[in-house]
Amino acid sequence: MHEHIKHNLALWNAWTPLHINSKFYDVEAFRRGQTSLREIELSELTPKPGQSLLHLQCHFGLDSLSWARMGARVTAVDLSDVAIDAARNLARETGLDARFICCDLHQLPAQLNERFEIVFCSYGVLNWHPDIDAWADVVARMLQPGGVFYMVEIHPLARSIGDNGELLQYGYFHEPQAEIELLNGSYAAPDADVQCTSHEWAHGQGEIISALAKRGLRIEFVHEFPFVPYDCLPGLEEREAGRFYYAGTPHDAPLTISIRARAAGSGVQ
């Protein structure tokens, strides 16, 4: 196991219990039947009942189970064994049917000899990958011919916002060396008495799109939004319910990006 994976695995194992009990994730609302999915992905991705959906980096499975609640046949993957155990427990509690696999994403094709109609990932996942081309290899490998890849993610520019709320305090363009940081608490539980070391990497918009295109995926759209659905970055203000905008510039900054792409071939509508 690479050193960065060891540190990030320890981080997510420590964060998961905090997140399950946090207001940020609001698991109780999910148990009562609410979805954890947000307006952007709900408007841009609508799995048909019975379609197979692979959720990459699923954390403890709220979004995975939300898709299952809508009728998708869900398989979900995460590095954290603590998160996967929590996801399985939540599935049992709610009676929702989803398969959860604990696995380093890059080892997934060797462990799961299947392809899916939809591959999905969302919010805060790409920065944990040192090599975006290797990530795109997995995406392409897991798609059926004609299958759809959909991601909604914190915009690469928004990820550059520093603790002081200013843009470009972190790098926008990819560097091979990791951004290593000692973190107190987490984005969902900032006051928690937990310290973890994160290893992260920046990936620009062009780098992400090119990595998918080089693997034969046809880009159907790239959408940018001036808000995020979470209060998850410094310097944000909630101007509309569930929409947090950057307050540090006279004009709106792009804070969320969504990409939909399709594998070559036919068979998935």
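The model is a predicted one, in which local features need pLDDT of at least 70 and side-chain atom pairs count only at pLDDT 80 or more, whereas totals for chains, interfaces and linings use all residues. Residues are numbered from 1 along each chain as its sequence is written, and side-chain values use heavy atoms, with hydrogens and water left out.

Strand S10 (residues 236-240) pairs with S11 in the antiparallel sense over four bridges, where pairing requires that DSSP find at least two bridges between the two strands. The two strands form a hairpin with two residues between them, and Gly242 in the turn has a positive phi of about 75°.

## The seven-stranded sheet

A second open sheet has seven strands in the order S3-S2-S1-S4-S5-S12-S8, with mixed pairing. Its edges are S3 and strand S8 (218-225), each of which has a single partner strand, so one side of each lacks a neighbour in the sheet. Neighbouring strands of this sheet are turned by 15° against each other on average, direction ignored, the axes being lines fitted to C-alpha atoms (for helices over the stretch in contact) and angles in general running from 0 to 180 degrees between N-to-C directions.

Inside this order, S1 and strand S4 (residues 116-122) pair in the parallel sense over three bridges, and Leu53 stands opposite Ile118 in S4. Helix H4 lies across S1, S2, S3 and S4, running at about 175° to S2.

His55 belongs to strand S1 (residues 52-56) and is buried, with a relative accessible area of 2%; buried means under 20% relative accessible area, exposed over 50% and partly exposed in between, computed with a 1.4 Å probe on protein chains only. Its side chain makes a polar contact with the side chain of Ser64 at 2.7 Å, a polar contact being a pair of N or O atoms within 3.5 Å, where within protein one must be able to donate a hydrogen and the other to accept it, and where residues adjacent in sequence count only if both atoms are side-chain atoms. Leaving aside neighbours within four places in sequence, His55 is in contact with residues including Asp63, Thr75, Val77, Phe120 and Cys121, contact meaning heavy atoms within 4.5 Å.

Most residues other than glycine have a negative phi. His59, in the loop between S1 and H4, has instead a positive phi near 55°, and at 10% relative accessibility His59 counts as buried. Tyr123, in the loop between S4 and helix H7 (132-142), also has a positive phi, of about 45°, and is buried with a relative accessible area of 13%.

Helix H5 (residues 81-94) has 14 residues and reaches 20 Å from its first C-alpha to its last, close to the 20 Å expected at 1.5 Å a residue, where the expected span is 1.5 Å times one less than the number of residues. Ala83, Ile84, Ala86, Ala87, Leu90 and Ala91 are buried in H5. Seen down the axis of H5, these buried residues fall within an arc of 160°, so they line one face of the helix; the arc is that of the directions from the helix axis to the C-beta atoms. They pack against helix H1 (3-20), helix H2 (27-31), helix H4 (62-69), strand S2 (73-78) and strand S3 (98-102). At the N-terminal end, Ser80 caps H5 with a side-chain oxygen that lies 3.4 Å from the backbone nitrogen of Val82, and just after H5, Gly95 takes a positive phi of about 70°.

In H7, the buried residues are Ile132, Trp135, Ala136, Val138, Val139, Ala140 and Met142, and what covers them includes S1, helix H6 (108-111), S4, strand S5 (143-154) and helix H8 (205-213). At the start of H7, a side-chain oxygen of Asp131 reaches to within 2.9 Å of the backbone nitrogen of Asp133.
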